[in-house]
Amino acid sequence: MSIQHYQSIFGNAATEVRQFNTLFVIFLVVCAVMYVAVIAFLIAGIARRRRAAEANTVEEGRHHESDPAMRTGLIAWGAVVGTGLVALAIASFVADRSMANAAAHEKLSITVTGNQWWWDVQYNAADNSKMVRTANELHLPVGVPVRIMLKSNDVIHSFWVPSLAGKQDLIPGRDTDITITPQKVGIYRGQCAEYCGAEHAKMALVVDVDSYPDFIKWWQHQLQTAPKPTTPLALAGYNYVTSRNCSACHAIAGTPASATVGPDLTHLASRRTLAASMPMSEGNLYGWVADPQSIKPGTKMPTIGLEPNELHAVVAYLETLK
Amino acid sequence: MSSRFRASLALLAVATLALAACDREERHSRAKPMGETVPAGTSPDTIWPGGTVPQTLDPRAKLYDNNAPAISQGQSLYSQMNCGGCHSHGGGGMGPALMDDEWRYGGRIDQIATSIAEGRPNGMPSWRSKLTEDQIWQLAAYVRSMSGQPSKDAVNSRADAMSATAPQTLTPRETVQTSDTAEQ
């Protein structure tokens, strides 16, 4: 899989961002032409004024007489400005309509809820047993218009995956949405684009655009419940996670842990990132479980102060959650 | 130096001193010191026979009581841990009201923290193994704010969610009393 244009507005990896880029180029060209013309007229004007001053036009009382060439020039200039503005308005209208049109043809609906400081992702389906809940990671099928409903649980966040689409705010108490039609298979990075508190910088999102069969395979895998722990260490971790602090906030499908305050951990170890900021690895998992408050000070996950044997067990169990 | 200059200098000095007094309470992202937990079964008893001297206040109380970040964290924990399921927004339901003046097990912050950690008869579960000591104290700080105990500059002027109750800055301060002294 390619990670080109991992996080770039020129990635052109979705219909929406292509439309934005086309619009950007049109605006750039029209405005550049206007700018060059204005500067040219300014220079011409200065030169002309010098010539006119030498000819003593004012003293001879001829300053009110209009110059036919100048009059024609001004009318033409007005026409150019008018045409340019109309062109910009039409281009903007067309891009806006085409995006609204894509929203009307959604094939997949995902609800993304912003929290301090992580993304709660839920794949909506008419059939409840087909719903998938994950965190900080979006999987999208290529070529399918996906409507992402955006909500916030606390403060204003902003959903921004530069390679795929523009920004859209997540506002508490109000539902917003954005439609994305990915066009290139790849991995893209998104970020919260509205300052939302101490750990705003550590609120990233990975978007994995898959081929349709890969996406369906991923969805089927996500629907599975967590495997039963097989080793004694993982079993000890399972017992800790499901009966102690962890289960007060986290859910793991197929276990008694079913709280919705924190991210769903059912397939934690299969995700690319941990805590919306770090690559998923055993070391990072140890660090995060041992002391989240020194990695992301202020995060809602408390430093529990696990005993070393509990820490080993919990991490061993979390690593089985593929 | 003119008297006017001296006066402005004095004013500046006073203003600088006043600024030094603008000392917001410290926000700590984890319990201090770490790992200070009361072993199960040996936490201080919070009910004592009438007439005896109340126990001294737990030293941790000053880290949380009247502390704006702690009250605010407690407020979000209150909804996340579904305290409202029994206590509603403080008015009580299946569980007792938290915004009135009556405290069956004491209304001091350490007593409330003990009630949360240990659980109480007739339905209050023990949160000792579900929440950290830090979180329990934050919750206790918020619970105390429901009956207007902290000063008004420490509490939130708006609730996290839409609510029909008045903002906490307008909550009247109830006199804390235990059940046997409260009017039945």
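In the predicted model described here, A:Cys192 is buried, its relative accessible area being 6%; buried denotes under 20% relative accessible area, exposed over 50%, and partly exposed the range in between, computed with a 1.4 Å probe on protein chains only. The model is a prediction in which local features require pLDDT of at least 70 and side-chain atom pairs count only at pLDDT 80 or more, whereas totals for chains, interfaces and linings use all residues. Residues are numbered from 1 along each chain as its sequence is written, chains are lettered from A and ligands numbered from 1 in the order in which they are written, and side-chain values use heavy atoms, without hydrogens and water.

With a disulfide defined as a pair of cysteine sulfur atoms within 2.5 Å, zero disulfides are found over all chains. A:Cys192 takes part in no disulfide, and the nearest cysteine sulfur, belonging to A:Cys196, lies 3.9 Å away. A:Cys31, by contrast, is partly exposed at 41% relative accessibility.

Chain A is divided into domain 1 (15-102), domain 2 (108-221) and domain 3 (232-319), with bounds taken from an automatic or database domain assignment. Over C-alpha atoms, the centres of domain 1 and domain 3 of chain A are separated by 61 Å. Helix H1 of chain A spans residues 15-54 and contains A:Phe24; helices (H or I, at least four residues) and strands (E, at least two) are DSSP runs numbered from the N terminus. A:Phe24 is partly exposed, at 44% relative accessible area. Together with A:Ile9, A:Phe10, A:Val25, A:Leu28, A:Val29 and A:Val33, A:Phe24 forms a nonpolar surface patch of about 660 Å². Patches comprise residues with over 30% relative accessible area and no salt bridge, like charges being joined within 9 Å and nonpolar side chains (Val, Leu, Ile, Met, Phe, Trp, Tyr) within 5 Å. A salt bridge places a side-chain nitrogen of Lys or Arg within 4 Å of a carboxyl oxygen of Asp or Glu. Accessible areas follow the Shrake-Rupley method with a 1.4 Å probe, and for residues only the protein chains shown count as cover.

The peptide bond from A:Gln116 to A:Trp117 is cis, with omega near -5 degrees, and A:Trp117 lies in the loop between strand S1 (108-115) and strand S2 (118-124) of chain A. A:Asn136, a residue other than glycine, has a positive phi near 60 degrees. The loop between strand S3 (132-135) and strand S4 (137-141) of chain A holds A:Asn136, which is buried at 6% relative accessible area. Phi is likewise positive, near 60 degrees, at A:Ala276, in the loop between strand S11 (273-274) and strand S12 (278-279) of chain A. A:Ala276 is buried, with 1% relative accessible area.

Chain B contains six helices and two strands, arranged along the sequence as α-α-α-α-β-α-α-β. Of its 184 residues, 36% are buried, and the accessible surface of chain B is about 11,000 Å², 58% of it from carbon and sulfur atoms. Among contacts (heavy atoms within 4.5 Å) in chain B between residues at least 6 apart in sequence, 66% join residues at least 24 apart. Helix H5 (residues 109-118) of chain B is largely enclosed by the rest of the structure, because nine of its 10 residues are buried. Among these buried residues are B:Ile109, B:Ile112 and B:Ile116. Their cover includes helix H2 (61-64), strand S1 (102-103) and helix H6 (133-146) of chain B. B:Gly119, which follows H5(B), has a positive phi near 80 degrees.
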